[in-house]
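Thanks, everyone. Let me put the model up, and then I'll walk through it.

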Amino acid sequence: MIRVTDIAYVRFRAPDLDQMETFLGEFGMVRAERRDERLYMRGTDARPFVHVTEKGEPAFLGIAFQAENLDDLARLAAEEKVAVEDHDAPGGGKVVRLRDPDGFLVEVVAGETLPAALSTLRHPVLNDGEHRRRAGAPQRLDAGPSQVKRLGHCVINVTDFRKSEAWYKNRFGLVTSDEIELAPDMPLGAFMRCDRGPIHVDHHTLFLVGTGQPGFNHAAFEVANFDDLMAGHDHLAKAGRRHEWGVGRHLLGSQIFDYWRDPWGNTVEHWTDGDLFNNETPPNKAGLAELMAAQWGPDAPPTMGA
Ligand SMILES: [Fe+2]
């Protein structure tokens, strides 16, 4: 087993790369590269890309994790009896390609050449009732798309939760933050995070939901901050994009969230201000009501997650 350090990107197929690029631009990503009928989009963090689209029939193809180093990648490949391949993508490096129990592609990457981070705008200091830190300066924000920083997590609907959970945990060292139970000892799924020991990481990197019907649920991208998320909401609304759920604040993970649909109906989320856990945070159990609860914001629509 290796311990992956983060999620790296999500991979889709769609028939029109121009349409996908326009949407993702409005969503707040920037083109990293377009080659061989593949569109690679990046965020502002120093990562080669966070979203890939291959030209073809619309589909969710899979996810990729980041390995800590090339040694870990070699160890994983040896355990799985597969090759470490050269990664023909922006940033290069090496990749190991696996199939999860439902047949989704799971890539693990390491050794990429990292690009420089992109500079970000609109990082306002906020005044609140207790802390009046922005004195003598007005608050001014530019209209425009959110600034997607990075990919934070992916949610996948699976045939058999326990089977998929074991597959991912045994290979990648993921640990449970919250397991969701429909009733005592009737698990629906779990929010799982990377195990980086004492280093604090996102509340979840992967959420597997045992719906019995395998498929893509959503992918979630961290944006610069709350104002950035709201500015991006306006931008997507004015562009006539399809809104799914939000703006609100989740209970489990605590993120401020806003869900949208891409032109082929894939759900993509903007989030900011999520919980950070480490190896001192024990696993928790929660029910369906807590899963769908918002601390503030609208109720989830019935289409969420489908
Ligand atoms: Fe999410």
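I'll take the metal site, then the pockets.

This is a predicted model: local features need pLDDT of at least 70, side-chain atom pairs count only at pLDDT 80 or more, and totals for chains, interfaces and linings use all residues. Numbering runs from 1 along each chain as its sequence is written, and side-chain values use heavy atoms, with hydrogens and water left out.

Start with the iron ion. Its protein donors are H153 (NE2), H218 (NE2) and E269 (OE), at 2.1 to 2.2 Å. Donors here are N, O and S atoms within 2.8 Å of the metal (3.2 Å for Na, K and Ca); water is not among the atoms, so sites may look incomplete. The spacing along the chain reads H-x64-H-x50-E. H153 sits in strand β9 (residues 148-157) and H218 in strand β14 (residues 215-223), 65 residues apart. Strands are DSSP E runs of at least two residues, helices H or I runs of at least four, numbered from the N terminus. Are H153 and H218 buried or exposed? Both are buried, meaning under 20% relative accessible area with a 1.4 Å probe, protein chains only.

Now the largest pocket. It holds about 350 Å³ of space. Its lining has 25 residues, with F207, V209, N217, L291 and M292 nearest the centre. A pocket is an open set of points on a 1 Å grid over the protein atoms alone, where a 1.4 Å probe fits, with protein on both sides within 12 Å along at least five of seven lines; lining residues have an atom within 4 Å of a point. Volume is the space filled by probe spheres set on the points, joined across faces, edges and corners. α5 gives the most to this lining, four residues.

Notes:
Buried means under 20% relative accessible area, exposed over 50%, partly exposed in between (1.4 Å probe, protein chains only).
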